Amino acid sequence: MGNSVKHHPSLSLLEQFCDGSLTPEVALLVATHLDFCPHCQRLSKDIEADLACSFAAAPVAAGQDDWLSMMQQVLAEAETTAKPVTPSTDPVVTNLEVGGHQFELPRALQRLSSKRSKWLTLGGIATARLPSGEPHHISLLFIDKNTAVPQHTHKGLEMTLVLAGEMVDEQGRYVPGDLIINTPDDTHTPRNVSDDPCLCLSVLSAPLQFKQGMTRLLNPLQRFFY
Amino acid sequence: MLDQRRTYGHHASQFANNSPGLMDTTETASPLNLGQWEEALGLIAINRDKSAYAGLFNYFAPRLKAFGIKMFGNEQQAMEMVQDTMLNVWQKAALFDPTRGCASTWIYTIARNVRFDMLRKKQSRKDDISADDLWSDGDYPEQEDLQSHSWDLYIIAEKIAPHFAALPPAQRVVMEKVYLEENSHQEVAEQLGIPLGTVKSRIRLALDRLREAVDGQQR
Ligand SMILES: [Zn+2]
């Protein structure tokens, strides 16, 4: 009970995931949450069924479209492309090593993890970017045991999903699968207070800004986390 | 599931005389024929049945186009999405599993995925996050959701009532028919002309939405 997922995406976020309208980075974070969360898997299947029913029942006006010739084109194309499913040539990586630790990766990250950038390390923290565009960046974030991410605030959105280990911040305690959303101007200090390392997936829409004392000196390094 | 099977069978018998002519584009708001499209996908998968495919094409292509225009905002990409989606339907029909959901859901999710990957390709981000990373092909194991059962009991609680009106109309209608008029799920499906699975989906979604609303109230 103590280790089950408690922090879920909202229904509206799940709806946007299901209709494909989220940015790829946020969608990947939600997809990874689903790998951990049977409850949200079920909900997203329900949302798909609901959306699809409206889609299929919608009346459509008679149009000028030549569906017959499109269908013939499709069938001709099917003749020439012998293999129905093109298998991905990307290696599937089920494990990740960082900071001398092995982590098992959820399904949604297995293909993409081979495309990550090099790890950048700072103290007990390391990050590696996954392929992403603007306006969101998505990274793997490793936090070693008994290590804190310096207190910071964000100009943009910060979403964090715990993949392994556990984390605490001013709001609570998070276990694998938990999704933490911080809106602009939230200030927090995520920490790993346990004796095991923690791995997270993090989506940011702007660089972090560090708040206090010495860590303000990190501000020139803010792109490290971004 | 057995109920749904029976429904397929019942409606499948209407298939022969109800099959739309291919170029019959005088489309109206015909109610969804339960079972017809699941049957068609089966015929395509097993027999490579082109007339079943034509019926399916004629029904779904215009709807896919409307969906594509809504999502892309232009007709050219919408048509590209229709064509690519229908190619997938022809080629992957054998992967469709009617016990996991209805044909329209399967086709809808193909279109969503095609559209997602089209957008990536357009931005030359081919190394990037793809639809396959995001949406596993329904291969999660089926889960018994115990929470929905316990929520059945709570539905009468007064604190939920004010949120009832805020439900999306399609979900509210189903909830009213089940909880206020005490119809069975099967009866509601028949009354509304929607698949049984969709009735169950809408109930679970509405319950979750109500739970979210009540949680928000307590915070
Ligand atoms: Zn969840």
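These questions and answers concern a predicted model, its zinc ion and a few residues and helices of chains A and B.

In this predicted model, local features need pLDDT of at least 70 and side-chain atom pairs count only at pLDDT 80 or more, while totals for chains, interfaces and linings use all residues. Residues are numbered from 1 along each chain as its sequence is written, chains are lettered from A and ligands numbered from 1 in the order in which they are written, and side-chain values use heavy atoms, with hydrogens and water left out.

Reader: Which residues are the protein donors of the zinc ion?

Author: Donors are N, O and S atoms within 2.8 Å of the metal (3.2 Å for Na, K and Ca), and sites may look incomplete since water is not among the atoms. In sequence the donor residues follow the spacing H-x24-H-x3-C-x2-C. Lying 2.0 to 2.4 Å from the zinc ion, the protein donors are H8(A) through ND1, H33(A) through NE2, C37(A) through SG and C40(A) through SG.

Reader: What arrangement do the four donor atoms around the zinc ion make?

Author: Four donors count as tetrahedral if all angles lie between 85 and 135 degrees. Ideal angles at a metal are 109.5 degrees for four tetrahedral donors. Around the zinc ion the four donor atoms subtend angles of 98 to 117 degrees, so the arrangement is tetrahedral.

Reader: Is C37(A) buried or exposed?

Author: Buried means under 20% relative accessible area, exposed over 50%, and partly exposed in between (1.4 Å probe, protein chains only). H8(A), with a relative accessible area of 32%, is partly exposed. C37(A) has 3% relative accessibility and therefore counts as buried.

Reader: Which side chain does a polar contact join to that of H39(A)?

Author: H39(A) has its place in helix α3 of chain A, where helices (H or I, at least four residues) are DSSP runs, numbered from the N terminus. A polar contact is a pair of N or O atoms within 3.5 Å; within protein, one must be able to donate a hydrogen and the other to accept it, and residues adjacent in sequence count only if both atoms are side-chain atoms. At 3.2 Å, the partner of H39(A) in such a contact is the side chain of D208(B).

Reader: How many residues of α6(B) are buried?

Author: Helix α6 of chain B covers residues 103–122 and reaches 29 Å from its first C-alpha to its last. The helix is largely enclosed by the rest of the structure, because the buried residues number 17 of the 20.

Notes. Helices (H or I, at least four residues) and strands (E, at least two) are DSSP runs, numbered from the N terminus. The expected span of a helix is 1.5 Å times one less than its number of residues. Four donors count as tetrahedral if all angles lie between 85 and 135 degrees; four count as square planar and six as octahedral if opposite donors are over 155 degrees apart and all others between 65 and 115; anything else is irregular.
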